[in-house]
Amino acid sequence: MDVKDGIARSISDSSPAHYIVKVQSFSLLTKNSIERYESGEFQAGGYKWKLVLHPSGNKNKNVKDHVSLYLALDEATSLQPGWEIYVDFRLFLHDQNKDTYLVVQDVIGNERRFHKLKVEWGFDQFIPLKDFNDGSKGYLVDDTCAFGAEVFVCRERSKDKGESLVMVKDAITYKHIWEVTNFSKLDSEFCLSKPFNAGNYKWNMKLYPKGKGDGLGSYLSLYLALAEPTTLPQGSRIYAQILLRILDQKQVKHHFGKANYWFSASSHENGSSRFILLSNFNSQYLGYLVKDNCTVEAEVTILGMVGALS
């Protein structure tokens, strides 16, 4: 075995286990301006692959006087975000005079990592054209040659298979006040406050004037919601203490609820479907609704955050 610059070259009596590309009239590839040839797909290690041949060198890498040969992952677009495949592969060239194979590979233990942004690995200088074209060496005989590949998937992993929980020391409480006017004229299922900032996130208060869920028809329902849940990175969660309050404008006997919740892209709204009885809210003797207006407050304290491991 000859090892140079991290690349090992050896001779094998065994043909490649996974795929062979036989090329007849090899010289016509370059004459017909085929600078890059992709083989059909083949399967190995549970994935689909292709051989990629540059008959006169990879021009994109300014390779001259060599044949360039690569292994390409054919289904990279189907990989889940963050997934990586570690592969040990060998590329072959048939010596037709001796019926053996030149085997070119990275040095043992140097696996190649395939992922969405890197789908192709191989050898810019697979073999010098001088040696390839020398009939005595047996690689190109009667303008015919054969390349091959063996592909062994060593391991697979997801870069996102973990999370980091950060609890907030000396957490800050953010307060927002929302004046709701013309309450009796609210005819939609719910109404939203303007977005407000708490921590590094935007929030809305969400009021259901006729109730929601098991509070429908008898209660006013009140929630806190992430204003832009779809912008949260995958796997992110926010642990927050929230206090929602409707002010008593007469006797200062405010009605409130307080709880801790996890917020995420899939669970972005938390609160109470039975926040206050509509009969109490609408009572003229109580001060929650005065001149058809009410005041709602939210206090938000970010206690912790979960994100994917980087």
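Two residues are in contact when heavy atoms of theirs lie within 4.5 Å. The exercises below use this predicted model.

**Exercise 1.** Determine where Ser39 is placed, whether Ser39 is buried or exposed, and which residues beyond its neighbours within four places in sequence are in contact with it.

*Solution.* Begin with the secondary structure, in which Ser39 falls in the loop that runs between strand 4 (37–38) and strand 5 (42–44). Next take the relative accessible area of Ser39, which is 4%; since buried means under 20%, Ser39 is buried. Finally, with its neighbours within four places in sequence set aside, the contacts of Ser39 are Tyr19, Val21, Lys50 and Leu51.

**Exercise 2.** Find how many aromatic pairs the whole structure holds, and then describe the geometry and setting of the pair formed by Phe132 and Phe147.

*Solution.* Phe132 belongs to helix 2 (residues 129–132) and Phe147 to strand 12 (residues 144–158), so that the pair links distant parts of the chain, 15 residues apart. Both Phe132 and Phe147 are buried.

**Exercise 3.** Carry out the analysis for Phe190 and Tyr208, and classify each residue by its accessibility.

*Solution.* The pair of Phe190 and Tyr208 is tilted, with 5.5 Å centre to centre and 55° between the planes. Because Phe190 lies in the loop between strand 14 (173–180) and strand 15 (191–192), while Tyr208 lies in strand 17 (residues 201–208), the pair ties together parts 18 residues apart in sequence. Phe190, at 30% relative accessibility, is partly exposed, whereas Tyr208, with a relative accessible area of 3%, is buried.

Key: Residues are numbered from 1 along each chain as its sequence is written. This is a predicted model: local features need pLDDT of at least 70, side-chain atom pairs count only at pLDDT 80 or more; totals for chains, interfaces and linings use all residues. Side-chain values use heavy atoms; hydrogens and water are left out. Helices (H or I, at least four residues) and strands (E, at least two) are DSSP runs, numbered from the N terminus. Buried means under 20% relative accessible area, exposed over 50%, partly exposed in between (1.4 Å probe, protein chains only). Rings of Phe, Tyr and Trp (its six-membered ring) pair if their centres lie within 6.5 Å; planes under 30 degrees apart count as stacked, over 60 as edge-to-face and the rest as tilted.
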